[in-house]
Amino acid sequence: MNGAGDVYSAVESQYIRRHHRHQINDNQCTSTLVKHIKAPVHLVWSLVRRFDQPQRYKPFVSRCIVNGELGIGSVREVNVKSGLPATTSTEMLELLDDEEHILGIKIVGGDHRLKNYSSVMTVHPEVIDGRPGTLVIESFVVDAPDGNTKDETCYFVKALIKCNLKSLADVSERMALQDRVEPINRF
């Protein structure tokens with residue numbers, strides 16, 4: 001997983017420049033994380049795009065409720081499992097692009113310290129060990145709360161995202177094994 005000062009591949013850098021640019025203020029931190037998943041993009045995207053069901057792969061989410069039709073501007077109320085310094089988070093769907101596989105979320109409330117948090121997650125097809133795989137990139141920007149440095153804040157958020165991305169990989173790869181994905185022919 002990459003952070004400030006880390007090196008990305010040429011392909012990763014291209015996607016990051018295209019989809020993961022955040023405007024940041026003086027009191028904010030930002031970072032970009034990358035995960036390679038041994039499952040085809042359609043399986044990974046089927047989990048990521050479900051704004052109404054983050055608990056399918058996010059281990060810290062116990063429950064999610066979306067009122068009304070699911071679409072840009074929809075708001076979800078997320079209940080967080082114990083162990084984190086929060087119990088609820090209110091999040092708005094800012095971007096959902098099924099063609100480009102882009103999901104954008106903004107936190108608009110909750111009993112936590114993640115103020116002005118927004119994230120972008122993109123899902124890209126790639127080949128891993130001769131089989132269909134997926135490159136997932138997630139970037140975020142968030143205020144550093146009073147009493148915390150930008151580095152501390154970024155470290156905490158990156159740890160949560162790394163956990164979510166590992167779980168996304170585990171769930172997707174299990175689904176791929178059930179689908180018995182065939183190798184890609186190179187002819």
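Strands β5 (102–110) and β6 (118–128) each supply at least two residues to the lining of the second largest cavity, and β5 gives the largest share, three residues. Helices (H or I, at least four residues) and strands (E, at least two) are DSSP runs numbered from the N terminus. The model is predicted: local features need pLDDT of at least 70 and side-chain atom pairs pLDDT 80 or more, whereas totals for chains, interfaces and linings use all residues. Residues are numbered from 1 along each chain as its sequence is written, and side-chain values use heavy atoms, without hydrogens and water.

**Cavities**
- On a 1 Å grid over the protein atoms alone, a cavity is a set of points where a 1.4 Å probe fits but cannot get out, and lining residues have an atom within 4 Å of a point.
- Grid points are joined across faces, edges and corners, and a volume is the space filled by probe spheres set on the points.
- The whole structure holds two cavities of 30 Å³ or more.
- The second largest cavity, of about 30 Å³, is lined by Y57, K58, L103, G104, I105, S119, M121 and E138.

**Largest pocket**
- A pocket is an open set of grid points with protein on both sides within 12 Å along at least five of seven lines.
- The largest pocket has a volume of about 610 Å³.
- Of its 29 lining residues, L84, I107, L114, F156 and L160 are the closest to the centre.
- Helix α3 (150–179) contributes the largest share of this lining, seven residues.

**Sheet**
- Seven strands form an open sheet in the order β1-β7-β6-β5-β4-β3-β2, with antiparallel pairing; strands pair if DSSP finds at least two bridges between them.
- Because β1 and β2 (61–66) stand at the edges with a single partner strand each, one side of each has no neighbour in the sheet.
- Ten bridges link β1 and β7 (131–143) in the antiparallel sense, and S31 stands opposite F140 in β7.
- Seven of the ten residues of β1 (28–37) are buried, that is, under 20% relative accessible area with a 1.4 Å probe, protein chains only.
- Five bridges join β2 to β3, and V66 has R76 in β3 as its bridge partner.

Note on methods. Buried means under 20% relative accessible area, exposed over 50%, partly exposed in between (1.4 Å probe, protein chains only). Contact means heavy atoms within 4.5 Å. Axes are lines fitted to C-alpha atoms, for helices over the stretch in contact, and angles run from 0 to 180 degrees between N-to-C directions.
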